[in-house]
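Good morning, colleagues, and thank you for your time. I would ask you to keep the structure in view while I take you through it.

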Amino acid sequence: MDNPNFKSGFVAIVGRPNVGKSTLLNRVVGQKVAIMSDKAQTTRNKIQGIYTTDEAQIVFIDTPGIHKPKSELGDFMVQSALSSLNEVDAVLMMVNATQKRGAGDNFIIDRLKSVKQPVYLVINKIDQVKPDDLLTVIEQYKDALPWQEVVPISALEGNNVVEMLEKIIDTLPNGPQYYPDDQVTDHPERFVVSELIREKILQLTRQEIPHSVAVNVEKMSRQDEKKVHIQATIIVERPTQKGILIGKGGSMLKKIGTLARQDIERLLGDKVFLELWVKVVPGWKDKKSALQAYGYKK
Ligand code: GDP
Ligand code: K
Ligand code: MG
């Protein structure tokens, strides 16, 4: 039976890099869909996480950090973040409770001034601050915009997250359940898989491999009932980067593959055979056609 009181809507999460947007999304949907890293700019595409209860459904859009573009790819990121704000029912502006309000926060606040939908200020990482310091942070932001609510949370530990979701649901319009109960993301599994591989590259190679690395899942097919065969290409800009990624006797690539495979197996609930290749494409991130081929669409 259709529930006429069912509420639903789309909610964008904005905030500068590393405030905890992906962590919140992962907590809310209870599955690893947006990659996490202690480095900035690991989220490039809009990733939707879907939260469904008996009464409501929230479809989250995890936007890349809004910041001044440095390349074609950077420009894509800003455009994608800004355009999503005009298509949603509410916006969560996330800030870091352990840091002072800075230029990066102000840049985003300026852009939110034109948003008509309710904007919530979500102060994250409260597990790391004393109550008095939290009050100081609230003081810094409370008059910056006509916030719908100011909500302190810990995305990592879960403090106040359910309460925040209930507040959001209260202001959502009545509407249909857009996605089935068991769906947590509308991105094809391929994209999530490529993001999991990219996450391992960034974790294991530290500074040597820049964020311009791309991962393209070429093939994903079920070999038999219990095994999925995945073939993916890692794209870098220089031969030296290729060397680092492969490592001595292939050791680095093997490490990346093992860690990524474990995460992918958890995601798919199946055994996985993962085959990784490394390819050099000079200057790929400034080429629009390459961006499109690797799945970054405007
Ligand atoms: P994003 O760039 O905004 O998506 O940020 P991430 O979700 O990737 O988080 C960046 C870093 O902050 C990661 O190391 C997270 O583990 C950490 N982090 C996120 N939320 C919290 C939190 O509530 N408390 C603490 N202590 N760390 C957090
Ligand atoms: K990040
Ligand atoms: Mg992120």
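This is a predicted model: local features need pLDDT of at least 70, side-chain atom pairs count only at pLDDT 80 or more; totals for chains, interfaces and linings use all residues.

**The cores and the helices around them**

The largest nonpolar core contains 38 residues, and the members with the most contacts inside it are Val11, Ile13, Val91, Met93, Tyr120 and Val122. Several elements contribute at least two residues each to this core: the strands β1 (7-14), β3 (56-62), β4 (90-96) and β5 (119-124), together with the helices α1 (21-29) and α5 (161-171). The largest share is that of β4, which supplies six residues.

Please look now at Met93. Which residues does Met93 contact, once its neighbours within four places in sequence are left aside? They are Val14, Gly15, Ile108, Leu112, Val119, Tyr120, Leu121 and Val122. There is also a second, separate core, of 27 residues, and among its members are Ile209, Ile230, Ile234 and Ile264.

Of the contacts with a separation of 6 or more, 69% are between residues 24 or more positions apart.

Leu25 and Tyr51 are separated by 26 residues in sequence, and their C-alpha atoms are 9.3 Å apart in space. Is Leu25 buried or exposed? Leu25 has 27 other C-beta atoms within 10 Å, and the cut-off for burial is 20 or more, so Leu25 is buried.

I turn next to helix α6, which covers residues 189-205. This helix has 17 residues and spans 25 Å from its first C-alpha to its last, close to the 24 Å expected at 1.5 Å a residue. Its buried residues are Val192, Val193, Ser194, Glu195, Leu196, Ile197, Arg198, Glu199, Lys200 and Ile201. Just after α6 comes Arg206, with a positive phi of about 50°.

How is a pair of packed helices described? Two packed helices are described by the angle between their axes and by the distance between those axes. For α6 and helix α8 (residues 251-268), the angle is about 140° and the axes are 9 Å apart. The two helices α6 and α8 are therefore oblique to each other, and their crossing is right-handed. On the side of α6, the contact is made by Glu189, Val192, Val193, Leu196, Ile197, Lys200, Ile201 and Leu204. On the side of α8, it is made by Met252, Lys255, Ile256, Leu259, Ala260, Asp263, Ile264, Leu267 and Leu268.

My last topic is the backbone. Most residues other than glycine have a negative phi. Asn18, in the loop between β1 and α1, is not a glycine and yet has a positive phi of about 75°. Asn18 is also buried, with 20 other C-beta atoms within 10 Å. Lys125, in the loop between β5 and α4 (131-141), is likewise not a glycine, and its phi is positive at about 70°. Because Lys125 has 23 C-beta neighbours inside 10 Å, Lys125 counts as buried.

That concludes my presentation, and I thank you for your attention.

Conventions: Residues are numbered from 1 along each chain as its sequence is written. Chains are lettered from A and ligands numbered from 1 in the order in which they are written. Helices (H or I, at least four residues) and strands (E, at least two) are DSSP runs, numbered from the N terminus. The expected span of a helix is 1.5 Å times one less than its number of residues. A residue is buried if 20 or more other C-beta atoms lie within 10 Å of its own, exposed if 12 or fewer, and partly exposed in between; C-beta atoms are placed from the backbone. A nonpolar core is a set of buried Ala, Val, Leu, Ile, Met, Phe, Trp, Tyr and Cys residues joined through C-beta atoms within 7 Å. Two residues are in contact if their C-beta atoms, placed from the backbone, lie within 7 Å. Axes are lines fitted to C-alpha atoms, for helices over the stretch in contact, and angles run from 0 to 180 degrees between N-to-C directions. Angles under 35 degrees count as roughly parallel, over 145 as roughly antiparallel, 65 to 115 as roughly perpendicular and the rest as oblique. A crossing is left-handed if the near helix is turned anticlockwise from the far one by less than a right angle, and right-handed if clockwise.
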